[in-house]
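These are my notebook entries on one structure. I looked up a metal site and a surface patch, in that order.

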Amino acid sequence: MKAVLFHEFGGLDVLQVEEVDDPEPSAGEVLIDVSASALNHLDVDIREGVSRFDVQPPFILGVEVVGRIAALGQGVQGWKVGDRVMPYLMDTCGECRYCRSGRESLCLTPGFISFTTSGGYAEKLACSARHLVRIPDGLSDEAAAATQIAFGTAWHMLFTRGRLQPGESLLINCVGSGIGSAALQLAKLAGAYVIGTAGTSEKLARAKEFGLDVAVNYKELDVPAEVMRATEGRGVDVVFEHVGGEFFQMGLDSMAKDARLVICGGHSGEVVPFDIIPFFRSQKQVIGSFVYNRNEVEQVLDLAARGVITPLVYKVFPLHEARQAMETMERREHFGKIVLKPGAAT
Ligand SMILES: [Zn+2]
C-alpha cells in the first residue's frame, strides 16, 4: 500500500510517500480500507518530536480515520466486510476501572490508535475491532472524518467536564479552530450565550454564521474587557480553553465568580504564571480535559448524521499531497478540518 512516513523527526520535508507492506489483521483486529483521514495539530507535534508521547520513527501519522472493513482477523464478531467504520481515537485497555465504567479517556494505560497500529496517512490500517465505531448513513466519509476529534473533544469539555447549562455564558478562545467552531455549534445547541475570539475578521464573520453572539478580535481588542462589557461586568460562567499561554490568562481574567475554565491544550505556552490569590478568592475552577469517551463519539456522529451539527471540511487532499495538507494546516488560515483522501485521483 501507499503510505506517508517519516524516518526522523522534523519539518514538512521529512514526510515521504512510500510503498510499504499491507498491514495484516491479527486475531481480534480488522483491516480497514482508509477512505478519509483528518489532520490534527497533534500530528505536527508528533512529526516534530515534541508531543511528549513515546513515539519513534519510522512512523505513519494519522489518528482520525474513516474507512470500510476489508478483512476480519480471527475471532472478530459483530462486524462484516464492507461496514463503514472509524476507530475510536484512543488505544485503551478495556479492563481498568475507568474503561469498565465507560470513561475510556481516563484509561490507566492510554495511547492513540496510531501509536500501536499504523496511522491514517495510508491506504490501509489494521486495528482492534474493540475500537470500532459504526458510521451512520447520511454522513460522507470526509464529514465523518471531520467529526470525531473536533466535536468529541468539544462535547467532553463543554458538557462532561465543564457542566455547561442552558442560559450560561461561555467564552471560546480561538473560535475559528476545529474544536473552537465545534464547541460553538454544540454550545448554541445547548442554549448558551457565546463570546468567541479570533485573530481575523474573516474567522469571526464565519463564526457569526454559526450563531456566535459576541465576536472579539484578540489582535485589536482587550479580551477580558470585552467579555466584561458583554456580561454586564460579571464575566462568563465557562471558558473553553485549548490554546495556553496568554490565552489561558485571558480566560482566567474573563471568568465570573465560581466559573469553570476547561482546558485541553497549551500550544501557545505550556507553562504559565498563575496568581493564586484572586483565583481562590473568587472560587474559580480550572478543569483539565483529555480527549473524550467512546459514547460521546457515537453521540456527535448521530447529531452530524441528522444534520443537527455541521462537520466543517475546509479542504480535501489526495494522500500523496500530505505535505501540502500539513503545510495548509500549519499556516492556520483554515476554518474547519483538512482531510486526506487515499484513493482520490493521483
Ligand atoms: Zn483502561
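Is cysteine 93 buried, partly exposed or exposed? I note that the model is a predicted one. In it, cysteine 93 has a relative accessible area of 25%.

Entry on the zinc ion. I looked up the protein donors and found the SG atoms of Cys93, Cys96, Cys99 and Cys107, lying 2.4 Å from the zinc ion. The angles among the four donor atoms run from 103 to 118°, and the site is tetrahedral. For reference, the ideal angle for four tetrahedral donors is 109.5 degrees. Along the chain, the donors of the zinc ion keep the spacing C-x2-C-x2-C-x7-C. I then located cysteine 93 in the loop between strand S7 (90-91) and helix H2 (97-100), and cysteine 107 in the loop between H2 and strand S8 (111-112). The two are 14 residues apart, and the pair links distant parts of the chain. I also checked the cover of cysteine 107: its relative accessible area is 5%, so I list cysteine 107 as buried.

Entry on the surface. I found a nonpolar patch formed by Phe274, Ile276, Ile277, Phe280 and Val286, which together have about 440 Å² of accessible area. Which helix gives the most to the nonpolar patch? Helix H10 (residues 276-281) does, with three residues.

Technical notes: Residues numbered from 1 in each chain as written. Predicted model: local features only at pLDDT ≥ 70, side-chain atom pairs only at ≥ 80, totals over all residues. Heavy atoms only, no water. Patch = residues over 30% accessible without salt bridge, like charges linked within 9 Å, V, L, I, M, F, W, Y side chains within 5 Å. Areas by Shrake-Rupley, 256 points an atom, 1.4 Å probe, with all protein chains shown as cover. Salt bridge = Lys/Arg side-chain N within 4 Å of Asp/Glu carboxyl O. Helix = DSSP H or I, 4+ residues; strand = E, 2+ residues; numbered from the N terminus. Donors = N, O, S within 2.8 Å, 3.2 Å for Na, K, Ca; no water. Tetrahedral: all angles 85-135°; square planar, octahedral: opposite > 155°, others 65-115°. Buried < 20%, exposed > 50% of the residue type's maximum accessible area, 1.4 Å probe, protein only.
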